[in-house]
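The tour goes from the whole chain to single residues, one selection at a time.

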Amino acid sequence: MHRTSIKHHISDQLLMGYAAGSLPEAFSLVVATHISLCDECRARSAAFEAVGGAVLESSDSAEMSEASLDACLARLGTPEAPRAPVRRAATGPFPAPLADYIGGDMGAIRWKPIGMGVRQAILPTAKGASARLLHIPAGQSVPDHGHRGLELTLVLQGAFRDDTERFGPGDVEIADEADQHTPVAEAGDDCICLAATDAPLRFRGMMPRLLQPIFRI
Ligand code: ZN
Ligand code: ZN
């Protein structure tokens with residue numbers, strides 16, 4: 001996988017939720033898988049973890065003064081260069097965080113047809129959101145659909161286009177209620193994606209709310 005080619009990243013809000021441990025398991029799986037491929041998001045995630053820890057350490061985080069926030073951020077300084085991730089042997093197109101869920105290689109996946117040549121395999125995650133692998137034949141479109149909640153789609157192999165945007169290996173598309181879309185797999189390799197949806201439950205957490213004013217998201 002060419003890591004420098006990643007163009008579509010995890011949002012700050014999701015990275016904060018991940019750092020705070022407030023994302024449903026299915027979303028955490030997508031974030032962890034992307035982070036294992038993306039140095040940029042890994043560094044931002046580490047920075048959020050550091051800031052989050054500092055915010056929680058203060059005695060009254062809700063009333064933390066701007067001065068102490070500044071002091072806090074100054075103390076943190078520039079985020080360190082990300083340490084090289086611990087890499088286990090990837091299995092086919094599956095980075096380590098995901099390989100753990102699949103319990104083997106491609107041959108271990110129990111695909112189920114969902115029409116138009118598209119196949120899916122639901123992954124075992126806790127309630128609140130669901131995760132699945134999608135296998136879309138090259139050139140095939142995924143039926144037009146809207147979303148009742150948030151949907152994250154991470155490309156593992158091949159690529160798809162959605163309106164004007166292209167999503168290749170490592171890229172994440174973030175879609176919500178406002179989006180109605182028709183992803184189409186590019187010609188060439190079949191497209192394999194990891195998708196997570198939370199409809200209708202949305203993640204909640206203290207940390208994103210606390211950190212929102214700091215990062216203005
Ligand atoms: Zn990224
Ligand atoms: Zn969608």
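A contact here means heavy atoms within 4.5 Å. Among contacts in the protein chain between residues at least 6 apart in sequence, 70% join residues at least 24 apart. The model is a predicted one, in which local features need pLDDT of at least 70 and side-chain atom pairs count only at pLDDT 80 or more, while totals for chains, interfaces and linings use all residues. Residues are numbered from 1 along each chain as its sequence is written, chains are lettered from A and ligands numbered from 1 in the order in which they are written, and side-chain values use heavy atoms, with hydrogens and water left out.

**Whole chain**

Show the protein chain as a cartoon: its secondary structure comes to 6 helices and 9 strands. Helices (H or I, at least four residues) and strands (E, at least two) are DSSP runs, numbered from the N terminus. Colour by accessibility next. Buried means under 20% relative accessible area, exposed over 50%, and partly exposed in between, with a 1.4 Å probe and protein chains only. Of the 217 residues in the protein chain, 42% are buried.

**The zinc ion**

Select ligand 1. Which atoms coordinate the zinc ion? They are ND1 of H9, NE2 of H34, SG of C38 and SG of C41, at 2.1 to 2.3 Å. Donors are N, O and S atoms within 2.8 Å of the metal (3.2 Å for Na, K and Ca); water is not among the atoms, so sites may look incomplete. The angles among the 4 donor atoms are 98 to 122 degrees, and the site is tetrahedral. For four donors, that label requires all angles to lie between 85 and 135 degrees. Along the sequence, the donor residues follow the spacing H-x24-H-x3-C-x2-C. C38 and C41 are both buried.

Select I10, in the segment before α1 (12-20). I10 counts as buried because its relative accessibility is 1%. Leaving aside residues up to four places away in sequence, I10 touches L15, V31, H34, C41, R44, V172 and I174; H34 and C41 are among the zinc donors.

Go on to R42, in helix α3 (residues 39-57). Is R42 buried or exposed? R42 counts as buried, because its relative accessibility is 14%. Its side chain makes a polar contact of 2.3 Å with the side chain of D39. A polar contact is a pair of N or O atoms within 3.5 Å; within protein, one must be able to donate a hydrogen and the other to accept it, and residues adjacent in sequence count only if both atoms are side-chain atoms.

**The sheet**

Select the strands of the open sheet, 6 in number, in the order β1-β2-β3-β9-β4-β7 with antiparallel pairing. β1 and β7 (172-175) are at the edges with a single partner strand each, so one side of each has no neighbour in the sheet. Two strands pair if DSSP finds at least two bridges between them.

Start at β1 (residues 112-113), which pairs with β2 (residues 119-123) in the antiparallel sense over 2 bridges. K112 is opposite Q120, and P113 is opposite R119. The hairpin of β1 and β2 has 5 residues between the strands, and G115 there takes a positive phi near 105 degrees. M116 counts as partly exposed, because its relative accessibility is 46%.

Move on to β3 (residues 130-136), which runs antiparallel to β2 and is joined to it by 5 bridges. A121 stands opposite L133 in this pair. Their hairpin has 6 residues between the strands, with G128 at a positive phi near 110 degrees.

**The core**

Select F94, L98, L123, L133, L156 and L194, the residues with the most contacts inside the largest nonpolar core, which has 35 residues. α2 (25-35) is among the elements that each supply at least two residues of this core, and gives the most, with 6 residues. A nonpolar core is a set of buried Ala, Val, Leu, Ile, Met, Phe, Trp, Tyr and Cys residues joined through side-chain atoms within 4.5 Å.

**Last stop**

Select D163, in the loop between β5 (160-162) and β6 (165-167). Phi of D163 is near 55 degrees, a positive value in a residue other than glycine. D163 counts as exposed, because its relative accessibility is 70%.

How values were computed. Tetrahedral: all angles 85-135°; square planar, octahedral: opposite > 155°, others 65-115°.
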